[in-house]
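Please look over the sequence and the model displayed below before reading on.

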Amino acid sequence: MLQEKKGDLHNMKHSSVRRTILIAIAAVMSMILSTGVCFGSVSKPAGIEIPAKLPKLDQPVLITSIGQAPGASWAKVLMKQLKIDVTHDDMVTAEGLVKASKNPKTAYKTLIMSMGTSLKGMGGAGVDIDKEVARCNALADQAKKLGMTIVGIQIEGSARRTDESDEKSNRAVTSKSDILIVRKEVDKDGFFTNAAKQKGIPIIRTVESMDFKYAFSVLFR
């Protein structure tokens, strides 16, 4: 009987700790998602360079990483704060876009492709940069057939512009984008600005990753 009571006490303590952890996690997520939940509360960041005229983008939105880096996850959090209807899928294929287009709830209007590579991420996903570039090209071609707008973003900064894998991701996404949003620090050589000029597409240049929230609030106004 004593042993049974000790077991019950242990289970109660374990359940209590688990509840405390879950409550703490919920509180943190609530704080994150409650910041700037409406477009009007987003202030224009200092140093951001944004064209006076930008197209209005439609929802729902699909975001994916071309290179399995965490930038797409960062961007998704910012869009969720703005109540943008966004789905994150780093393995989505052109066939997946076609399938999604047949359901009104998942008929995506905007495709966001995040640039930059993670060797760990690609290894875990069982892909390499050449496969990611091929996926990018197929996705973009199918997205255009479906009438989607393609936004290329580089939200992670210089840490994701260090090697040829990063550059392959940058070139692939930039060549397929209708709009670019990049950190200024990755555009010191003018690669993204020149690409935007050559293609005749808008480019937003930010200082910090958090500045993307303002950019999204303007594009999805």
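This is a predicted model: local features need pLDDT of at least 70, side-chain atom pairs count only at pLDDT 80 or more; totals for chains, interfaces and linings use all residues.

Two residues are said to be in contact when heavy atoms of theirs lie within 4.5 Å.

The protein chain contains eight helices and six strands. Read from the N terminus on, these elements follow the order α-β-α-β-α-β-α-α-β-α-β-α-β-α. Of the 221 residues in the protein chain, 46% are buried. Among the contacts with a separation of 6 or more, 79% join residues 24 or more positions apart.

At its start, a side-chain oxygen of aspartate 163 comes to within 3.2 Å of the backbone nitrogen of serine 165. Which residues of helix 6 are buried? They are Ser165, Asp166, Glu167, Ser169, Asn170, Ala172, Val173, Thr174 and Lys176. An α-helix has 3.6 residues a turn, so residues three or four places apart point the same way.

The pairing of helix 6 with helix 5 can be described in more detail. The axes of these two helices come within 10 Å and cross at roughly 10°. Because angles under 35 degrees count as roughly parallel, helix 5 is described as roughly parallel to helix 6. On the side of helix 5, the residues that meet helix 6 are Ile129, Asp130, Val133, Cys136, Asn137, Ala140, Asp141 and Lys144. Their partners in helix 6 are Ser165, Lys168, Ser169, Ala172, Val173 and Lys176. Sorted by class, this contact has six nonpolar, three polar and five charged residues.

Helix 5 also packs with helix 3 (residues 94–101), at an angle of about 30° and with the axes 8 Å apart. That angle makes helix 3 roughly parallel to helix 5. Helix 3 contributes Ala94, Leu97 and Val98 to the contact, while helix 5 contributes Ala138, Leu139, Gln142 and Ala143. By class, the contact of helix 3 with helix 5 has six nonpolar residues, one polar residue and no charged residues.

Two single residues complete the tour. Serine 65 belongs to strand 1 (residues 61–65). Is serine 65 buried or exposed? Its relative accessible area is 1%, and therefore serine 65 is buried. A polar atom of its side chain lies 2.9 Å from the backbone nitrogen of alanine 69. If neighbours within four places in sequence are left aside, serine 65 is in contact with Ala72, Asp90, Ser114, Gly116, Glu132 and Arg135.

Aspartate 85 is found in the loop between helix 2 (71–81) and strand 2 (86–88). With a relative accessible area of 40%, aspartate 85 is partly exposed. Apart from neighbours within four places in sequence, aspartate 85 is in contact with Gln59, Pro60 and Val61. Tyrosine 108 is 23 residues away from aspartate 85 along the chain, and the C-alpha atoms of the two are separated by 9.6 Å.

Methods:
Residues are numbered from 1 along each chain as its sequence is written. Side-chain values use heavy atoms; hydrogens and water are left out. Buried means under 20% relative accessible area, exposed over 50%, partly exposed in between (1.4 Å probe, protein chains only). Helices (H or I, at least four residues) and strands (E, at least two) are DSSP runs, numbered from the N terminus. A polar contact is a pair of N or O atoms within 3.5 Å; within protein, one must be able to donate a hydrogen and the other to accept it, and residues adjacent in sequence count only if both atoms are side-chain atoms. Axes are lines fitted to C-alpha atoms, for helices over the stretch in contact, and angles run from 0 to 180 degrees between N-to-C directions. Angles under 35 degrees count as roughly parallel, over 145 as roughly antiparallel, 65 to 115 as roughly perpendicular and the rest as oblique. Ala, Val, Leu, Ile, Met, Phe, Trp, Tyr, Cys and Pro count as nonpolar, Asp, Glu, Lys and Arg as charged, and the others, Gly among them, as polar.
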